Amino acid sequence: MSSKTKKRINPNKLVIHIILLVGAVIMIAPFLWMVLTSVKTFGESTQVPPVIIPKSLQWENFSKVFTTLPFAMFYWNTIITTICKTVGQLMFCSLAAYAFARIKFPGQNVLFILIISVLMVPNQAYIIPQYLIMVKLEWLNTLTALIVPGVTSAFGTFLLRQFFMSLPKDLEDAAKIDGCNHFRIYWRIMLPLAKPGLIALAIFTILWSWNDLMWPLIVNSSPSKMPLSAGLASLQGQYITEFPVLMAGALLATWPMILMFIFLQKYFVEGIALSGTKG
Amino acid sequence: MSSEVSVNQESDVKIQKKTKFWLNKQKRGDYFWAYLMIAPTLLGTIIFNIWPLLQSFYLSFTEWGAFGSYSWKGIVNYERLFNEPDLLIALKNTFVFTILSVPLGISLSIIVAVLLNQKIKGVTFYRTLYFLPVVTMPAAVAIVWKWLYNADYGLINYVLSLFSIQGPRWLTDPNLALYSIVLVAVWGAIGYNMVIILSGLQGISTTYYEAADIDGAGMFVKFFKITLPLLSPTLFFVTVMSLINTFQVFELIFMMIGPNSLVIENTQTVVYLFYEEAFINNDKGYAAAIAMALFLIILCVTILQFKLQKKWVHYE
Amino acid sequence: MKRLMTLLVLLLLVLSACSGGSQSSNQTDDGGSDGSGGSGDKVTLTYAIWDKNQAPAMEDIANKFMEAHPNVQIKVEVTPWDQYWTKLETAATGKSLPDLFWLNSANIEKYAKGGVLLPITDQIEADGVDMSKYPEALNSIYTIEGENYAIPKDYDTIGLWYNKELFDAAGLSYPDDTWTWDTLLDAAKKLTDPANDVYGFAAALAGQTGIYNTMAQAGGFIINDGQAGHDQPEGLRGLKFWTDMIHTHKVSPTQAQMTDTPPNTLFESGKVAMMFAGSWMQIEFNQNEYTTDKVDVTVLPQDKQRGVVIHGLGNVIAQNTKHPDVAWEFLKFLGSEEANVIQAETGTVIPAYEGTQQTWIDSNPKFNLQVFIDMTEYAIPNPASIETRAWQQIETDILTKAWAGELDIEEAAKQAAEGIEGILAKEK
């Protein structure tokens with residue numbers, strides 16, 4: 001049987017590989033361009049027809065990023081605010097999601113729609129009112145202003161609610177009979193089972209926090225409070241943008257995200273093994 | 001006889017009362033925990049989002065001068081909404097854009113996610129590659145796609161010219177531009193949705209597949225009978241969020257087409273119009289009315305989806 | 001996983017304590033205004049700009065001022081151009097504008113009439129600041145209804161940039177100050193070679209770097225007292241200069257082509273021989289190794305008369321500043337000869353103060369930068385009103401159709417003028 005299944009699997013897997021590879025080429029094209037442009041000269045980056053491979057590698061674009069911007073400081077700010085926001089969202093979103101998914105209480109549908117309704121308005125509509133709140137709270141030019149509005153999320157609540165709802169209905173029955181309160185059920189039973197959802201939320205929250213640009217620029221002014229995204233934006237001038245340096249900066253700002261994704265993926269793979277013993 | 005009946009009735013009533021009391025205690029415990037657990041999120045949402053949303057709503061009835069001075073104007077802005085040809089065009093563009101990109105984007109994302117959930121060599125590598133568009137700087141995405149689509153020096157038309165085909169003007173032909181951008185939107189959505197769908201796939205117990213294998217089910221049967229139904233809670237999320245986000249598409253239009261392009265009228269979406277009114281024409285009151293109208297549309301579509309859940313979403 | 005969560009929660013608590021700490025120290029830092037206005041106390045001013053490349057020069061100037069005023073701390077804060085105006089407007093709404101900041105012609109009237117700027121007419125008079133040291137056109141931009149609001153900081157004008165290599169190949173002499181519209185058209189025809197994908201002139205639709213200049217050269221105006229000059233005979237003539245290049249004489253790429261590939265890129269790739277571009281482009285053309293030895297610039301050609309758009313930034317003080325006197329001292333210094341020389345040395349902008357421009361010209365001897373200064377003689381201020389961006393968007397929306405060949409220029413000019421006048425009327 002093993003030789004037969006081996007023979008049968010290979011052509012399928014080959015087809016999958018081919019499809020994935022073709023798709024991957026299209027997926028990574030802009031990223032490839034980012035990498036290539038980061039080592040081009042300024043002139044090369046503006047030519048038409050476009051110069052794809054630079055004549056020589058301009059590594060100084062990368063050092064230029066560090067000399068023109070306090071990148072280390074930006075990194076630090078971004079890391080702190082991102083960790084806080086991610087932890088916050090994982091906690092608060094999962095709590096709310098559990099309640100919406102596993103408990104019947106009056107008004108839950110209305111409240112849930114209320115919460116996700118805030119996603120239905122363009123962000124720009126919120127900026128001025130949110131800024132005014134920061135002014136009143138005297139949080140201007142602080143990391144707190146970057147963190148606190150970001151620890152709750154309608155997106156995250158919705159995502160995790162779906163995960164909790166897809167868990168077997170009777171899961172908590174045994175625990176209830178034992179007299180566990182909802183928090184214990186949430187903490188000991190539900191949360192571990194929703195790990196793939198938590199991972200996905202973590203990825204998105206980290207990503208969003210890492211790249212958020214408009215808000216940090218509006219509420220903060222001094223470089224010591226700026227995240228990476230704001231630092232990158234300052235490389236774009238009114239008339240001139242030195243694309244090679246900008247791309248170098250973008251790569252320097254982005255590689256932690258890629259690393260984060262590779263790292264968090266390991267949890268995904270673990271998920272496959274675990275789910276066999278679940279249910 | 002009557003005494004027997006009355007004794008039974010009495011104990012029945014006692015049992016009923018006890019059960020009711022127990023249920024009440026249970027329910028009270030439920031409600032307590034429920035409200036407690038949703039409290040932080042609800043609080044945060046109310047302070048940072050609902051309150052600004054209400055302010056926006058109020059704003060839509062005003063004429064907003066510079067720097068916060070405003071005057072009440074009643075429903076003038078809404079009247080303008082119904083008579084403004086620009087808005088109708090933007091609505092049409094938005095609908096076309098959404099109807100094309102959402103189904104296409106989600107189907108491709110499902111296929112990709114399922115393929116990336118297989119036990120094949122290098123799956124981590126592939127997943128990372130498909131994730132790259134999500135982390136690529138939006139400016140870089142716009143530049144590359146603009147170059148791909150560049151009618152005179154771009155890659156697509158260059159390849160077409162090798163086959164003696166004169167490629168069209170992808171981004172400057174009024175009839176084509178919107179569809180060109182749909183493609184970019186789909187491209188961008190795949191990596192993003194892949195992460196969510198992958199995590200949903202992880203939650204499907206392999207015992208189902210093992211049982212199906214024993215029964216001799218083929219790939220497609222497994223996909224349609226096991227994967228899709230068990231994935232439906234996640235797919236519900238993806239569908240609702242995709243619709244909410246795609247109805248609000250703006251950045252893509254702004255970066256790929258922009259205010260100075262001759263085809264902006266053929267590609268402008270409702271949020272683009274909102275941006276134009278709020279920040280270029282500085283008519284924030286009218287812009288707020290546009291936002292409210294869009295909000296209402298999206299809300300209706302979303303509520304509809306929640307009601308239709310029962311038909312296709314399978315919760316265990 | 002449970003231990004991880006606990007650790008992270010602890011981390012969260014620790015970090016929020018830290019950021020709370022820095023927040024409070026920030027408040028005493030940024031405040032400096034805890035009711036104290038005494039001369040001995042530390043005063044902190046914030047100065048907002050949008051160009052990172054000019055930050056070193058601004059910081060230099062700030063440092064010199066701080067040397068002379070040891071109790072003053074000046075923080076230069078850069079916000080990228082794309083976000084600068086949203087941030088400024090948001091801050092104005094919250095009455096928390098930075099003490100001093102840059103403004104341009106498009107926004108000065110809005111901010112002045114919005115009451116968020118400190119008028120400086122009295123201070124100028126009291127301290128005897130000589131405004132004649134700055135170009136007249138600049139002063140007029142920053143004087144609203146008789147009140148001064150800014151001291152000009154720098155300026156830019158528009159020049160005719162050309163590709164020497166292409167001229168040499170065609171055996172033509174380079175453009176100079178004798179050129180008229182006809183001479184330019186002649187040369188453009190000879191330089192256009194569609195087979196080799198080369199055009200004589202990039203006639204893209206633009207305001208400050210395009211039609212406003214030719215409308216002035218034809219003897220017309222752009223906006224004046226609520227009226228738009230686009231459909232007047234002179235204004236129309238100024239517009240036709242461009243559309244004829246594209247449709248009648250075919251010496252320019254089409255508007256669609258120039259939308260796909262911006263004129264700057266075409267010029268830097270040797271695909272167009274000539275274009276109008278601002279003095280600020282000298283940095284980019286210089287840094288770009290493809291153009292640095294191949295291009296040069298001269299004055300704009302003349303039609304019935306000479307005309308060019310001048311624009312410049314102004315330094316302003318916010319109405320909500322807590323230290324109007326100190327801010328004024330710094331503003332004066334920003335407008336001083338010393339500060340302008342510092343600006344000139346960086347080569348990034350042409351300083352506004354009379355006589356300091358030579359340093360800028362010398363910063364790059366390869367290009368004939370003198371022409372930008374020469375043109376200030378007959379320069380008209382960049383047209384602006386309260387809602388400049390609004391009417392310019394209508395202008396673009398309608399004129400683009402003529403540039404794209406979808407509408408006759410006469411009809412487009414009429415519609416554009418109507419649209420512009422409609423917006424101007426609302427401003428009243």
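**How the terms apply to this predicted model**

Modeller: In this predicted model, chain A and chain B bury about 8600 Å² between them, 77% of it on carbon and sulfur atoms. Within chain A, the residues A:L20, A:M27 and A:M120 lose the most area to chain B, together 9% of what that side buries.

Biologist: What makes this area "buried" between chain A and chain B?

Modeller: Buried area is the accessible area (1.4 Å probe) that two parts lose on being put together, summed over both; the value of about 8600 Å² is therefore the loss of chain A and chain B taken together.

Biologist: How do you know how many residues of each chain take part in the contact?

Modeller: Contact means heavy atoms within 4.5 Å; the contact takes 97 residues from chain A and 89 residues from chain B.

Biologist: Why are strand 3 and strand 15 of chain C called paired?

Modeller: Two strands (DSSP runs of E, at least two residues, numbered from the N terminus) pair if DSSP finds at least two bridges between them. C:F101 stands opposite C:V316 in strand 15 of chain C.

Modeller: Residues are numbered from 1 along each chain as its sequence is written, and chains are lettered from A in the order in which they are written. Local features need pLDDT of at least 70, side-chain atom pairs count only at pLDDT 80 or more, and totals for chains, interfaces and linings use all residues, while side-chain values use heavy atoms, with hydrogens and water left out.

Notes: Helix = DSSP H or I, 4+ residues; strand = E, 2+ residues; numbered from the N terminus.
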